[in-house]
Amino acid sequence: MKLILAPMATLTHAALRSTIAQFGGCDEYYTEMIQAGTLLTGGPFEKYYLFTAPEPEKIVWQITGGKIPAMVEAAKMLSQMDGIGVDINMGCCAPDIVRAGAGIAWMLKDRRETEELVEQVGAVVRGAGKRFSVKLRLGDEDFTTEGFFSFIDMLAQRGVQQVALHPRTKKEKYRRPPRLHYVGQLVKYIEEKGYAIQVVLNGGVSDGASAKKAQEQGSGISGIMIGRAAAQKPWVFKQIADYRATGQQVSSGAFTVDLLETARNFIEQLQHFQPQEFYKTRLQRFFAFYSDNVQFAHHLRTRLLNHPTPEGCLQQLEEYFAAAPHERFKEENPPHEQFNVL
């Protein structure tokens, strides 16, 4: 089963990917959403979205946009670069994205327009010998199982090779658990139809135990995609991989994370891979999640978000762990846990 980094704006750039790679990495790294129109105009910051570090062969380029011609041209450009393939974002529910006719808007438009998008982008991507995939949600609040499966039929008939399902509706937020049973239903439906599509689950996985539960509820999935938990714990893929053991009470899966050094490494990678203009937003976004590793998360988070420079964040981290040295080292998969095969 593949372990996959989910696409997240301002987060899944080369700096976070490099930090994850230092713990062994994962099987696929989705990029941030790349705006098709902006990519084609060649803006001054677009090159930073095209970095393939640290493992170019594992990159999946995700594109977003509301216009078919721009999406096709962007796919054509990205299909010529390193990586596994190109993914269309049909799941983002951010209001500005939806207003632009992108993200989940493609699930809600006239079906003929979405069919044309999928057909044209798919022809370009597959023609370049790359994988063509789509990331999506269940649909709007009034979605039906029949309507969702009809959408899957359309994707399959137009050559989509992998779908990543975030099993929530357009308006459902993260406080509500994902509807994991729909993933299992989707796998069963695809098998019954004989479609050559892999199904990836996105949502609700943050460690080895939740990965095991998700796989049980979504029997037959080919991969698990992790987003926010990968920002909080860049070692989460190692944690899950090490959780796959012999079914016995073992200690070989245990490891310790130095929270200060991991944060320091992220900051160094950020300075290497991102322009100075991006430092503030990328630091704030990352540390909003990473701070949850410590006991006084709100206190540390506030200090970090109020000092959004590499030097400021590092100083706040050093001061925090100097005052609470017992929190600096975090043990994962401790020996007393029961490990089970995923």
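**Exercises: cysteines and strand β1**

C313 counts as buried (under 20% relative accessible area; exposed is over 50%, partly exposed in between; 1.4 Å probe, protein chains only), with a relative accessibility of 1%. We're working with a predicted model, where local features need pLDDT of at least 70, side-chain atom pairs count only at pLDDT 80 or more, and totals for chains, interfaces and linings use all residues. Numbering starts from 1 along each chain as its sequence is written, and side-chain values use heavy atoms, with hydrogens and water left out.

**Exercise 1.** Work out how many disulfides the structure holds, and check C92.

*Step 1.* Look for cysteine sulfur pairs within 2.5 Å, the cut-off for a disulfide: the structure holds zero.
*Step 2.* Take C92: its closest cysteine sulfur sits in C93, 6.5 Å away, so that's too far for a bond.
*Step 3.* Check the accessibility of C92: 17%, so C92 is buried.

**Exercise 2.** Sort the side chains of strand β1 (residues 2–5) by the way they point.

*Step 1.* Strands are DSSP E runs of at least two residues, and helices are H or I runs of at least four, numbered from the N terminus.
*Step 2.* K2 and I4 go one way, L3 and L5 go the other.
*Step 3.* Now burial: all of these residues are buried.

**Exercise 3.** Find which strands pair with β1 (DSSP must give at least two bridges).

*Step 1.* Strand β9 (residues 223–226) runs parallel to β1, with four bridges; L3 is bridged to I224 there.
*Step 2.* Strand β2 (residues 28–30) is also a parallel partner, over two bridges, and L5 meets Y29 in β2.
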